[in-house]
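Here's a quick tour of a two-chain model, written for someone who likes to know the cut-offs. Have a look at the structure first, then read on.

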Amino acid sequence: MALFVQTVLNGQIGLGSSRQQLAASGKVYVVTNPTPGTAIAFANNTAFSATANGLWCISNQNPTGGATIYLDRVKLIQTATAPANGLVVRAECYTASGVVALSGAFLARTPVNVNPGYPSNSGGTVTTFAAGAGTVPATSNTRLVGVMSAAEGAIVRYDSLTFEFGADGLSKGKVGVTAAHAVDPTDIVVVAPPMSIAPGYSGWMNLWGVAPDTNVPSYEFQIQYAEV
Amino acid sequence: MTQILLNGQIGLQSSRQSLVAAGKMFAATNPTPGTAVAYSLKTGFSISANGLFSISNNNPVASGINIQLDRLKLIQTATAPTGTLVMRSEVYTETGIVVMTTAALAVTPVNLNPSFSSSTQAAVTFFSAGAGTIPTAVGTRRLVGVGSLATGVAVTHDSYTFEFGADGQAAGTVGLTAARATDPADLVTWMSPVTIAPNSTAWMNLWWVTQAANTPSFEWELTYSEL
């Protein structure tokens with residue numbers, strides 16, 4: 001839908017939250033790991049790399065002038081055995097012109113529309129990590145649009161990480177505790193940039209940590225975006 | 001189309017207050033406050049055996065009236081299960097009418113605005129003395145939300161709130177250096193914005209890693225809008 005068509009829901013304008021209105025208009029899509037409760041291995045990446053730390057990538061294959069993809073949230077759940085000695089999780093977001101997809105350790109994923117009254121025909125082509133970190137291919141016109149840092153502390157099995165892409169309101173902090181948490185899992189929320197992927201462009205996210213060792217992190221995930 | 005004006009004002013209040021003022025918000029609760037309903041010891045994912053609630057939209061397709069989930073609160077009123085770490089949930093949607101069966105209780109929603117009738121086309125069913133059973137698919141089924149709430153050790157009188165598409169940022173939790181023992185917590189997590197189109201259904205499954213002894217028992221409040 002073009003940007004200038006106002007969505008009126010049975011005579012109501014703007015009564016619901018932003019996310020609920022987008023969902024009611026059939027604009028919200030999610031991508032999840034295939035089986036809840038079963039995580040997918042990522043990689044024990046301990047340093048920045050522009051190409052070797054690929055978590056997910058979305059390319060917008062809508063025609064020029066068509067719908068833009070707006071990232072909303074990404075949630076990672078550390079379902080399997082956690083790496084030892086983590087302190088901080090780092091991430092970067094990039095955009096680039098053209099169609100980019102992860103290669104190497106990756107799988108293509110199928111987004112679904114959260115509104116059952118609409119078909120799941122997203123213009124977003126989604127690839128995510130699979131049994132390793134994905135490889136980000138060489139691209140042109142690349143922009144680094146977000147640098148994120150999540151103070152997870154010691155990583156505990158069942159921790160979750162939520163990245164908020166442009167949500168209104170104050171950012172959430174996290175209180176460091178007097179000693180590393182050992183068995184008590186935590187839900188961490190991190191701000192990320194308002195990330196838009198115009199038609200004919202791609203966006204992706206890289207992930208690494210300081211300084212996990214021993215075990216490879218494994219994640220379930222939910223990637224949520226609007227297409228409008 | 002007729003736009004709703006509240007005494008000549010448009011959009012001055014919060015989204016929820018505007019919806020309530022327009023008579024669009026409903027709540028479904030456990031029958032008796034203070035008395036929890038037994039759920040079940042579910043420690044693994046199952047697409048059909050972990051039913052917490054189902055809600056169907058019986059409005060005709062031509063009406064275009066959607067049901068939009070707002071919040072679900074669970075209160076662990078009775079003895080808490082032992083050994084818990086993380087509460088897991090999934091939300092599915094399906095075209096067609098699906099009603100949770102077996103350990104199931106039909107619940108009658110009420111309109112939050114007393115000047116409007118409690119007439120709703122939502123059919124709400126919650127667990128009752130066990131987890132509900134999700135029937136075989138009648139239409140197109142989609143997994144639209146994967147929830148994870150780091151509860152740590154559950155404590156009697158904990159509450160667990162699921163936000164379906166609220167504005168703003170999600171609330172997190174802080175992992176402690178030692179597991180809590182007697183101090184109850186109000187924990188909040190986010191879920192997808194869940195829209196239930198006319199003649200469609202959504203339901204939520206719930207399980208808990210790695211609960212051992214004692215069956216969880218919950219009071220609940222589910223709020224939703226219908227417009």
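A:Thr162 stands opposite A:Val189 in S11(A). Before going further: this is a predicted model, where local features need pLDDT of at least 70, side-chain atom pairs count only at pLDDT 80 or more, and totals for chains, interfaces and linings use all residues. Residues are numbered from 1 along each chain as its sequence is written, with chains lettered from A and ligands numbered from 1 in the order in which they are written.

Strands here (E, at least two residues) and helices (H or I, at least four) are DSSP runs numbered from the N terminus, and two strands pair if DSSP finds at least two bridges between them. On its other listed pairing, S10(A) has A:Phe163, with A:Val74 standing opposite. Here are some pairings from both chains:

| Strands | Sense | Bridges |
|---|---|---|
| S10(A) and S11 (residues 187-192) of chain A | parallel | 6 bridges |
| S4 (residues 69-77) of chain A and S10(A) | antiparallel | 5 bridges |
| S6(B) and S8 (residues 122-133) of chain B | antiparallel | 6 bridges |

S10 (residues 160-165) of chain A is mostly covered, with 6 of its 6 residues buried.

Six of the strands form an open, antiparallel sheet in the order S6-S8-S3-S13-S5-S9 (chain B). S6 (101-107) and S9 of chain B are the edge strands, each pairing on one side only. Within S8(B), B:Phe126 is the bridge partner of B:Leu105.

How many residues does each chain bring to the contact between them? Chain B gives 57 residues and chain A gives 57 residues, where contact means C-beta atoms, placed from the backbone, within 7 Å. S9(B) gives the most to chain B's side, with 7 residues.

How values were computed: Contact = placed C-beta atoms within 7 Å. Buried ≥ 20, exposed ≤ 12 C-beta atoms within 10 Å, placed from the backbone.
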